[in-house]
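Subject: Handing over a structure

Hi,

Here is the structure I said I would pass on to you. Have a look at it first, and then read on for what turned up.

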Amino acid sequence: MYSVALFPINPPPAASNPACRPSSTANSPGPEKLAALIDKSKSANQLYQIHAFLYRHNLSDHQILSFKLQRSYSAAGRLDHSLSIFRQTQTPDVFFYSSIIHAHALHNLHKDALLLYVQMLSDNVTPNTFTFSSILRSCRLQAGKALHGQATKLGLESDTYVSTSLLDVYAKGEDMESARKLFDSMPERSLVSLTAMITCYAKCGMVREARVLFDGLQDKDVICWNVMIDGYVQFGSPNEGLSLFKQMLRAKVKPNEATMVAVLSACAQIGALESGRWLHWYAENHGIDINVRVATSFIDMYCKCGSLEEARLVFERITHKDVVAWNSMIVGYAMHGLSDVALQLFDEMCRLGYKPTDITLIGVLNACGHSGLVREGREIFSSMARTYGIEPKVEHYGCMVNLLGRAGYLEEAYDLVKNMEVEQDAVLWGALLGACKIHGNVALGEEIAGLMMRQNLENSGTYVLLSNLYAKANNWEGVAKVRTMMRDGGVEKEHGCSSIEVNNRVHEFVAGDSWHPRSKDIHMMLEEMNAWVKAQGYTPRTDTVLHDLGEEEKEKSLGVHSEKLAMAFGLISTEPGATIRIVKNLRVCSDCHDVMKLVSKITRRTIVMRDRNRFHHFENGSCSCGDYW
């Protein structure tokens, strides 16, 4: 905590400072008028003048005026002056304490707020409902539970503000059991407390339960809508989030900055560029403040929807950029494989005095990984602690393993993992196993997969990578063994899915899909595409079909991959020459990669595809990845 004395407790003698000499009080405003003036003050400068007046007229110790001044300084952003008044108060009562605790909590000075609360108890000042609703903002789960006990002893648990604040603590701590118990015992439930319970459900991933409570509300404010939308978006249901946002607009509830952040995240997840552009227009034309947080969400959305140009335009318009905005732009260039631009932007960021964060260096190392910049990646990784004061975390090691592994330095990557000082995780080992699959190193792949299974780090991806490694080596006995293990262990392979946005609607496809309303037209286009590419010398990569099938069956299997279905739908549903944008949940297969290069040349279209790892921009027969992915 800090304390700054704004005025001397003992002013200089009147004789030496005529300006401070007490004047006649005959025409001076009384305490009531002064209190009203403090309440009406709109700036710190106005408060300074009133504060000086109180000193000149020996009113600096007036309890009510001091309290109002302390509270008003906090509201004006001068917490230092507010704390100074508090420290000069002889015996601060519960209102003084509650106000200063509230101010510290609002300024995210949570440790200081808790220390003030402890001081309050030491001074034998009993907390009231406002104290609890203020201090609970600064509490994590364990401290919140302790305060819950205190509130119960004082008979304040049933107060709406206190119980709602407790619900917020349980929501942040994802303690569903305590939240539900408290919620069920509440005699009255306000919109705020109902929203707090919806938040708790949403944060715990219980979106269905949150929606039931949400739908039962007669009057919903923007905060309630935001919580429900964000719940869908954060737990893998972006389409439902967008649908609810449309309902919000139909209900005539005006979105705010938090709404924009949640909905833009939904657009980013599914690659809905048209919807994201509409949101940009809406924000600019409906008085929504595009502050640095909202602007950064637009950057993230445009990057993940495949439009780096629009992302950069938003980035350049931010007057006061923070490091998060820089990170989003650097990560965006990295995921698109524009490694040189990402590294240049990183150098510019450092030159301008911004301090890189963990996320910055993850973005930079990923940029190196997508282009095989091994030397640059090694230099950045080895200098993290020395140059930037950041100790490598498991995510940074993962970037290096991916970089080294894809470049063929499997043993170096393996040594890095074995000798790292932080605990390895499944993602790290999975990256190394994936590199073994790329380079066909069966022996090392088996060793890594075995290690993951012994340490209970395996997941469905582990089995799939090992199976694919065996299949690539034509070891069908090994493939059968892995699939038996998956079946016996109840492990299900993640199915491939591709989506494309056309006319503000997202269409999803799985391999062999025939359920789309235009399925017949889509499959006719697939046949036409197949004829086009074969005329250009295309030969299906049947070696990538990791099943023990005949050549004809393998070719048929390749022809109906989800990304090809999405591309065919894009060709029949958009204007000639229009860019086609596809999102796939898994890594694009090499056969589809070949076909998309040829189709981009034949149709003279740009095809932008986002797979699990990165973006691919297909144009005039080539891909931005340079076939390194």
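Let me start with a question: which residues line the largest cavity? They are G271, K304, C305, R581, I582, V583, V608, R610 and F615. Before going further, please keep in mind that this is a predicted model.

**The cavity**

By the rule applied here, the count comes to 1 cavity of 30 Å³ or more. The volume of the largest cavity is about 40 Å³. What kinds of residues make up its lining? There are 5 nonpolar, 1 polar and 3 charged residues in the lining of the largest cavity. Two strands, β3 (580-584) and β4 (607-610), each give at least two residues to that lining. The largest share belongs to β3, with 3 residues.

**The sheet around those strands**

Both strands sit in an open sheet of 6 strands, and if you trace across it the order is β2-β1-β3-β4-β5-β6, with mixed pairing. At the edges you will find β2 (505-510) and β6 (622-623); each has a single partner strand, so one side of each has no neighbour in the sheet.

Going through some of the pairs:

- β1 (residues 497-502) and β3 run antiparallel and are joined by 3 bridges. I500 has I582 in β3 as its bridge partner, and I582 is also one of the residues lining the largest cavity.
- β4 and β5 (residues 615-619) are antiparallel too, with 4 bridges between them. A hairpin of 4 residues takes you from β4 to β5. V608 has H617 in β5 as its bridge partner, and V608 is another residue of the cavity lining.
- β5 and β6 pair in the antiparallel sense over 2 bridges.

Which helix lies across β1, β2, β3 and β4? That is α32 (residues 562-573), which runs at about 15° to β1.

**The second largest pocket**

Now for another part of the chain. The second largest pocket holds about 720 Å³ of space. Its lining has 28 residues, and R137, T164, S165, D168 and V192 are the ones nearest its centre. By class, the lining of this pocket has 12 nonpolar, 11 polar and 5 charged residues.

Which helices each supply at least two residues of that lining? They are α5 (94-106), α7 (129-135), α9 (160-172), α11 (191-203) and α13 (222-234). The largest share, 8 residues, comes from α9.

**What the record says**

For residues 159-193, the end C-alpha atoms are 11 Å apart, and the span is 74% helix and 0% strand. For residues 322-356, the end C-alpha atoms also lie 11 Å apart, with 74% helix and 0% strand.

If you want a place to begin, go to I582: this residue lines the largest cavity and is the bridge partner of I500.

Cheers

Methods:
Residues are numbered from 1 along each chain as its sequence is written. This is a predicted model: local features need pLDDT of at least 70, side-chain atom pairs count only at pLDDT 80 or more; totals for chains, interfaces and linings use all residues. Side-chain values use heavy atoms; hydrogens and water are left out. On a 1 Å grid over the protein atoms alone, a cavity is a set of points where a 1.4 Å probe fits but cannot get out, and a pocket is an open set with protein on both sides within 12 Å along at least five of seven lines; lining residues have an atom within 4 Å of a point. Grid points are joined across faces, edges and corners, and a volume is the space filled by probe spheres set on the points. Ala, Val, Leu, Ile, Met, Phe, Trp, Tyr, Cys and Pro count as nonpolar, Asp, Glu, Lys and Arg as charged, and the others, Gly among them, as polar. Two strands pair if DSSP finds at least two bridges between them. Contact means heavy atoms within 4.5 Å. Axes are lines fitted to C-alpha atoms, for helices over the stretch in contact, and angles run from 0 to 180 degrees between N-to-C directions.
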